[in-house]
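Reader: I have the sequence and the model open. Can you walk me through it, piece by piece?

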Amino acid sequence: MIWNEFIETADKERLKEIQNERFIKMIERIYYNVPFYRRKFNEAGIELCDIKSIDQLKDLPFTEKTDLRDNYPFGLFTVPQNQIIRLHASSGTTGKPTVVGYTRSDLHLWSEVVARSLSMANIGQDDVIQVAYGYGLFTGGLGVHYGAEKVGASVIPISGGNTKKQLQLMVDFGSTAIACTPSYAAHLGESLISAGIDRKNIKLKAGIFGAEPWTNELRKQVENLLSIKAYDIYGLSEIIGPGVSMECESQNGMHIYEDHFIPEIIDPDTLEVLPYGELGELVFTTITKEAMPLLRYRTHDLTRLHLEKCDCGRTLVRMDKCVGRSDDMLIIRGVNVFPSQIEAVLLEMSEASPHYQLVVNRENNLDTLEVNVELDDHFWSDEIRTLENLKKRIEHNIASTLGVSAKVNLVEPFSIARSEGKAQRVIDNRKKNQS
Ligand code: DLL
């Protein structure tokens, strides 16, 4: 189901015309209304009248998360407070939160892009969607909520957590779709089984999972556990929230709504724009947002872009599943390791459950990586030799795939804390010791 056929299947020339027009307006908007941008343009010697086409985007300055913090709370807004009708914020582990504001038109835009996203999973007015992303300052809950209302689905605003209630309503209200983080979806799946609920009593067919990196291996597990099709949805508060891009039925990358968010992939070191197909950092420019447009915002998410038309008929550029954030990348004795790579290795083995944790330490100036792996209930054994062999096999698979040795600790089923939102997969004690 394509929500906005005109845009989602537009030919590239038509789309570029639309982008160009909107881009120029956006540049004027930030230049005249936000001192921060005016200063940046002046420092870079850029005159407003010189910017005539979106092709010049690559020559304009970047915006970073620290710029949002430095202008806390409302310094990057282009409108007075009386036009802001919603505020969200991301907690951030250190310092001040990053704040985002929305005008009425921004909220319309947000529901439009989420409506497009849900339509990719064929969610419409015959559906009952359980929104189990957190409601509050986090954009997940309310973001998906408004888009779900727009497509006419019956929305259950249950928010995150309270797993028993989630399962009860799933059965009683006949939920056909669930939106939550993939790690929580895995937990819901196993809870469904341990509660002894017969799958026949559940109408669930689709999951809208995002807000954290997850692998295709985890997708398979969650699809099996819940007997659904699991779709990846991507977004970040600074750009709008969920609904920056979403996977269609082909599950071949997430379509980015380029009529609102212009993507670029850059080399995070040289900051040069990379060609389609190359792995690098995703950067977005919003061209229609009113309250807080962002110019070349560095997401620090690592992925690739693909231009080819998709089997679903959409022409919108696709982004691969995110490998992770550049700031989540662990460097273990000089080797770059993303938690998602470990996840892929673990979940290729049927013995591992989707619950794991990486613990990094520094001992005698050497980094050590420990991987706590929770075993699937069926494979837990009292036989030490069985466990020892399995542990060695996992250690071998990690070493041969990632090129780094790790100590694996097999832990009992249900012993790793479950997350209701974004899972905390890494405990890096090196950082703690530094501060
Ligand atoms: O996580 C918005 C969201 C809510 C997206 C619900 C999808 C579903 P933030 O809290 O600002 O916003 O976190 C944004 O989360 O830069 C990525 O690192 C990560 N992220 C979001 N979606 C995905 C995804 C929301 N599908 C940060 N795959 C982003 C991988 C994701 N990482």
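Author: We can start with the ground rules and then take the ligand, the strands and some single residues.

Reader: What are the ground rules?

Author: This is a predicted model, so to speak of local features we need pLDDT of at least 70, side-chain atom pairs count only at pLDDT 80 or more, and totals for chains, interfaces and linings use all residues. Residues are numbered from 1 along each chain as its sequence is written, and side-chain values use heavy atoms, with hydrogens and water left out.

Reader: Ligand, then. Which residues come nearest?

Author: Asp232, Ile233, Ser237, Asp301 and Lys422 come nearest, out of 20 residues around the ligand. A residue is near if one of its heavy atoms lies within 4 Å.

Reader: What is the mix of nonpolar, polar and charged in that shell?

Author: Nine nonpolar, five polar and six charged. Ala, Val, Leu, Ile, Met, Phe, Trp, Tyr, Cys and Pro count as nonpolar, Asp, Glu, Lys and Arg as charged, and the others, Gly among them, as polar.

Reader: How much of the ligand does the protein bury?

Author: The protein buries 93% of the 600 Å² that the ligand exposes when taken alone. Accessible areas come from the Shrake-Rupley method with a 1.4 Å probe; for residues, only the protein chains shown count as cover.

Reader: Which elements give two or more residues to the shell?

Author: Helix H6 (139-150) and strand E7 (229-236). E7 gives the most, with five residues. Helices (H or I, at least four residues) and strands (E, at least two) are DSSP runs, numbered from the N terminus.

Reader: Where does E7 sit among the strands?

Author: E7 is part of an open sheet of nine strands, in the order E4-E3-E5-E6-E7-E8-E9-E14-E13, with mixed pairing. The edges are E4 (154-156) and E13 (305-306), each pairing on one side only. Two strands pair if DSSP finds at least two bridges between them.

Reader: Switching to E2. Is it buried or exposed?

Author: Five of the five residues of E2 (98-102) are buried. Buried means under 20% relative accessible area, exposed over 50%, partly exposed in between (1.4 Å probe, protein chains only).

Reader: Which side chains point which way?

Author: Thr98, Val100 and Tyr102 point one way, Val99 and Gly101 the other. In a regular strand the side chains alternate between the two faces of the sheet.

Reader: What does E2 pair with?

Author: E1 (residues 86-90), antiparallel, over five bridges. Ala89 has Val99 as its bridge partner in E2.

Reader: And E10?

Author: Six of the six residues of E10 (261-266) are buried. Phe261, Pro263 and Ile265 point one way, while Ile262, Glu264 and Ile266 point the other. E10 pairs with E11 (residues 280-286) in the antiparallel sense over six bridges. Phe261 stands opposite Thr286 in E11.

Reader: Aromatics next. How many pairs are there?

Author: Eight in the whole structure. Take Tyr31 and Phe41: their ring centres are 5.9 Å apart and their planes at 55°, so this pair is tilted. Rings of Phe, Tyr and Trp (its six-membered ring) pair if their centres lie within 6.5 Å; planes under 30 degrees apart count as stacked, over 60 as edge-to-face and the rest as tilted.

Reader: Which helices hold those two?

Author: Tyr31 lies in H2 (residues 12-33) and Phe41 in H3 (residues 35-43), so the pair ties together parts 10 residues apart in sequence. Tyr31 counts as buried at 16% relative accessibility, and Phe41 at 1%. Tyr31, Tyr32 and Phe41 form one aromatic cluster.

Reader: Last one. What does the side chain of Ser183 contact?

Author: The side chain of Glu212, in a polar contact at 2.6 Å. A polar contact is a pair of N or O atoms within 3.5 Å; within protein, one must be able to donate a hydrogen and the other to accept it, and residues adjacent in sequence count only if both atoms are side-chain atoms. Ser183 is in helix H8 (residues 182-194), and counts as buried at 6% relative accessibility.
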